[in-house]
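The following paragraphs lead through a structure chain by chain, from overall composition to individual residues. Please keep the sequence and the coordinates at hand while reading.

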Amino acid sequence: MKYVLLICDDETVSPSNEELAADPVHQAWLADLDRRGGALVGARLRPVVDATTVRVRDGETLVSDGPFAETKDFVGGFVIVECANLDEAIAIASGHPYARWGGVEIRPVWE
Amino acid sequence: MTASRDRVRAAVDAAFRDEWGQVVATLIGLTGDWDLAEDCAQDAIAAALATWPRDGVPRRPGAWLTTAARNRATDRLRRDAAGAAKLRQLAVLARDPEEPPSSGEIPDERLRLIFTCCHPALPFPARVALTLRTLAGLSTAEIARAFLTAEPAMAQRLVRAKRKIAEAGIPYRVPPAGLLPRRLAAVLAVLYLIFNRGYDEEGTGRTLTAEAIRLARLLVRLMPEEPEPRGLLALMLLHEARRATRVDDGVLVTLENQDRSRWDRGLIAEGVATLDQALATRRVGPYQVQAAIAACHATAPDATGTDWPQIAILYGELARLAPSPVVDLNRAVAVAMADGIPAGLALVDELAASGRLDGYHLLPATRADLLRRDGRAAEARTAYEEALRLAPTEAERRYLTGRLEEL
């Protein structure tokens, strides 16, 4: 199964890329992902102030600033993984440092 | 003829109750298709009703039903191109129905089924409904009635849950050791909710308490090494033993005033023995502690002979294992009975000040009861009135009204 892991938090911690790279929890998470060989693609996203949302309503393209939903947490990165089942995806997600203060949403890829 | 027909009907009913979960679980294991599994189990029951009166009740009704359901699944899959791969699997696993059951190296399919039904990725109400439908064989209508939900809404809940299992890739398995403690706790929570849902109801036919006890017994049999399923089973048995005395003429009867001569001694003995087996593993858990508290009450010769100091200690242990303000409230009562009303009242007031039980009727009800015992009638009255405003059931309101009138 393919899953997209949406790495979310409220951006109050917001470590820099360098800080994240130096975080032993993040390093362990990357090593675990590497060992499983399941990561297909992933990226860290710039903060939500840089986000633009596109909606099309009645044929009209509406562009607005900010994230698509008024939620407390924002997507700060994502990774697409291939794994055996939801339990494995949960295992990967729970190892990410953001899971500790934000959350990781697991979405099965619609294939 | 009628008598024999009744006997066959009873045999089919018994087979349905005892074997439904096993048949559905086996068919899901073979085909991976939950709807197909349920449909074929249903067809197998219908086939039993049609043929057993003529041919007699088979020696092993469960094996007969599983074979009938599997054959039905084969027929249905044969008509479907995508079913071909599943069919090969069915062929490999087809067994002689008279073959003795395997000696335990193959895990019981029902264990996989129950852990899948209770997976934390499913919403809690869906876990409960799915467990009752697939393991206990309750109809959607029966489940809807038990949870005061409209039948179409309950049907929708079941459909969504089964769809999520397939689409999100929830594995059909017993979780590995590392995940087991938390996942087992989730299973036990579902069974306990089913029990509690049935506890306040005076129903006939298939009561939820009986279903919960049946499922707990199954879990104990399937996981004999785990102490907490035994703890939960013991807890249910000890509560069940007192069920008939809990309400009198629509009025709640508190433990203190229940007619102990009407408690079911057989269930109490079984509950205590089951608890002892669990405690022997020396791996204590919240259900074992709750069962130990229930055992203190169930084995006390009378209300005044209750071992309150022991109960206070057990609630302290429970608060450590599974912290909750409701546990703290119960501990306050035990402390009041063991060390005197003022000590207990102080704990209740502390809880009230924390605001953690705001809106919970048993907080003012408990406070009222302690004030009454302490002879502080005016304060007790105010507290009873507050409890009365918050009480959710008619039986409790009648009880509180009675208390108020006695003051």
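Helices (H or I, at least four residues) and strands (E, at least two) are taken here as DSSP runs, numbered from the N terminus. The model is predicted, so local features need pLDDT of at least 70 and side-chain atom pairs count only at pLDDT 80 or more, while totals for chains, interfaces and linings use all residues. Residues are numbered from 1 along each chain as its sequence is written, and chains are lettered from A and ligands numbered from 1 in the order in which they are written.

Chain A comprises four helices and six strands, arranged along the sequence as β-α-α-β-β-β-β-α-α-β. Its C-alpha atoms occupy a box of roughly 45 × 35 × 20 Å along the principal axes. Burial is judged by counting other C-beta atoms, placed from the backbone, within 10 Å of a residue's own: 20 or more make the residue buried, 12 or fewer make it exposed, and counts in between make it partly exposed. On this criterion, 18% of the 111 residues of chain A are buried. Two residues are in contact if their C-beta atoms, placed from the backbone, lie within 7 Å. Among the contacts in chain A with a separation of 6 or more, 77% join residues 24 or more positions apart.

Strand β2 (residues 39-44) of chain A has six residues, and the number buried is zero, so the strand lies largely in the open. Strands are said to pair if DSSP finds at least two bridges between them. β2(A) pairs with strand β5 (residues 74-82) of chain A in the antiparallel sense, over five bridges. Within this pairing, A:Ala43 has A:Phe78 of β5(A) as its bridge partner.

A:Ser14 is located in the loop between β1 (2-9) and α1 (17-22) of chain A. Its 11 C-beta neighbours inside 10 Å class A:Ser14 as exposed. Although A:Ser14 is not a glycine, it has a positive phi of about 45°. Most residues other than glycine have a negative phi.

Chain B contains 19 helices and two strands. Along its principal axes, its C-alpha trace spans about 75 × 55 × 40 Å. Of its 407 residues, 40% count as buried. Residues 24 or more positions apart supply 61% of the contacts in chain B with a separation of 6 or more.

UniProt lists "domain: RNA polymerase sigma-70 region" for residues 22-80 of chain B. That span is 85% helix and 0% strand, with its end C-alpha atoms 25 Å apart. For residues 114-165 of chain B, UniProt lists "domain: RNA polymerase sigma factor 70 region 4 type". Here the end C-alpha atoms lie 13 Å apart, and the span is 73% helix and 0% strand.

B:Leu148 is placed in the loop between α7 (140-146) and α8 (151-167) of chain B. B:Leu148 also has a positive phi, of about 50°, without being a glycine. It counts as exposed, with 7 C-beta neighbours inside 10 Å.

B:Trp308 belongs to helix α14 (residues 308-321) of chain B. With 18 other C-beta atoms within 10 Å, B:Trp308 is partly exposed. Leaving aside residues up to four places away in sequence, B:Trp308 touches B:Ala334, B:Met337 and B:Ala338.

How does the span of helix α18 (residues 377-390) of chain B agree with 1.5 Å a residue? The expected span of a helix is 1.5 Å times one less than its number of residues. For the 14 residues of α18(B) this gives 20 Å, which agrees with end C-alpha atoms 20 Å apart. The buried residues of α18(B) are B:Ala380, B:Ala383, B:Tyr384 and B:Ala387. Seen down the helix axis, these buried residues of α18(B) fall within an arc of 105°, so they line one face of the helix; the arc is that of the directions from the helix axis to the C-beta atoms. They pack against α17 (362-373) and α19 (394-406) of chain B. The face of α18(B) turned away from the buried side carries the exposed residues B:Ala378 and B:Arg389.

Finally, the contact between the chains takes seven residues from chain B and five residues from chain A. The side of chain B that touches chain A has five nonpolar, one polar and one charged residues, where Ala, Val, Leu, Ile, Met, Phe, Trp, Tyr, Cys and Pro count as nonpolar, Asp, Glu, Lys and Arg as charged, and the others, Gly among them, as polar.

Methods. UniProt positions renumbered as here; feature names shortened; annotations may be inferred.
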